[in-house]
Structures are given as structure tokens and as C-alpha cells.
Amino acid sequence: MECYTYIVECSDGTLYTGWTNDLQKRIQVHNAGKGAKYTKSRTPVKLVYCESFSTKEEAMRREYEVKHYTRKEKEALFRRKE
């Protein structure tokens, strides 16, 4: 099972980092207002970055790491992929 660490840009321009094992479904859940408490009032969200991992633990570890990045560091991640 593949797992993902991802960053979405919320409608107010803020960034949210999370992890999931079904990326497409998770973005749909966020946009339905049923995702994380943080994103509920900030829809729609747009996926701007993701990384894939072979285990949940790796994805969760990376999520924790990325959540501690500054906004500039997070932006550097997804700007590099453009």
C-alpha cells in the first residue's frame, strides 16, 4: 500500500500538510468540508505537493518533518517540482 505526505493550498492562501493512503479521496474529503478541522472553513483546497512512501510510518514521519518547515521551506518543495 502506497502512502503519501502532501501539502494543499487553502482558499485563504495558507498551506496545510497531511498524510494519507488515498490521495485523490483525501483531497475530495477536504473539499467536501469533512477533512481536517483546519481545512473545513478554508475550502476549496488545491494539491500543490506530494511525496509517496511504502509505509504509513514513513509518510507520518515526513509529515511531522514538513509541518515544522517554514512557509518558505514548504514553498521551496513544491516550486522545485514545477
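**Reading the aromatic cluster and its sheet**

Guide: Strand E2 is largely enclosed by the rest of the structure, because 5 of its 6 residues are buried. Buried means under 20% relative accessible area, exposed over 50%, and partly exposed in between (1.4 Å probe, protein chains only). Strands (E, at least two residues) and helices (H or I, at least four) are DSSP runs, numbered from the N terminus. This is a predicted model: local features need pLDDT of at least 70, side-chain atom pairs count only at pLDDT 80 or more, and totals for chains, interfaces and linings use all residues. Residues are numbered from 1 along each chain as its sequence is written, and side-chain values use heavy atoms, with hydrogens and water left out.

Visitor: How many aromatic pairs does the structure hold?

Guide: A pair of aromatic rings is described by the distance of the centres and the angle of the planes. Rings of Phe, Tyr and Trp (its six-membered ring) pair if their centres lie within 6.5 Å; planes under 30 degrees apart count as stacked, over 60 as edge-to-face and the rest as tilted. The structure holds 2 such pairs. Tyr 6 and Tyr 16 form a tilted pair, because their centres are 6.5 Å apart and their planes at 50 degrees. Tyr 6 lies in strand E1 (residues 3–9) and Tyr 16 in E2 (residues 15–20), so this pair ties together parts 10 residues apart in sequence.

Visitor: Is Tyr 16 buried or exposed?

Guide: Tyr 16 counts as buried, at 14% relative accessibility. The rings of Tyr 16 and Tyr 38 have centres 6.1 Å apart and planes at 15 degrees, so that pair is stacked. Tyr 38 lies in helix H2 (residues 37–40), so the link to Tyr 16 in E2 spans 22 residues in sequence. Tyr 38 is partly exposed, at 30%. Tyr 6 is buried, at 0%. Ring pairs link Tyr 6, Tyr 16 and Tyr 38 into a cluster.

Visitor: How many bridges join E1 to E2?

Guide: Strands of a sheet pair through backbone hydrogen bonds, either parallel or antiparallel. Two strands pair if DSSP finds at least two bridges between them. Here 6 bridges join E1 to E2, and the two run antiparallel. Glu 9 stands opposite Leu 15 in E2, and Thr 5 opposite Trp 19 in E2. E1 and E2 form a hairpin with 5 residues between them. In the turn, Gly 13 has a positive phi of about 90 degrees.

Visitor: What order do the strands of the sheet have?

Guide: The open sheet of 3 strands has the order E2-E1-E3, with antiparallel pairing. E2 and strand E3 (46–53) are the edge strands, each pairing on one side only.
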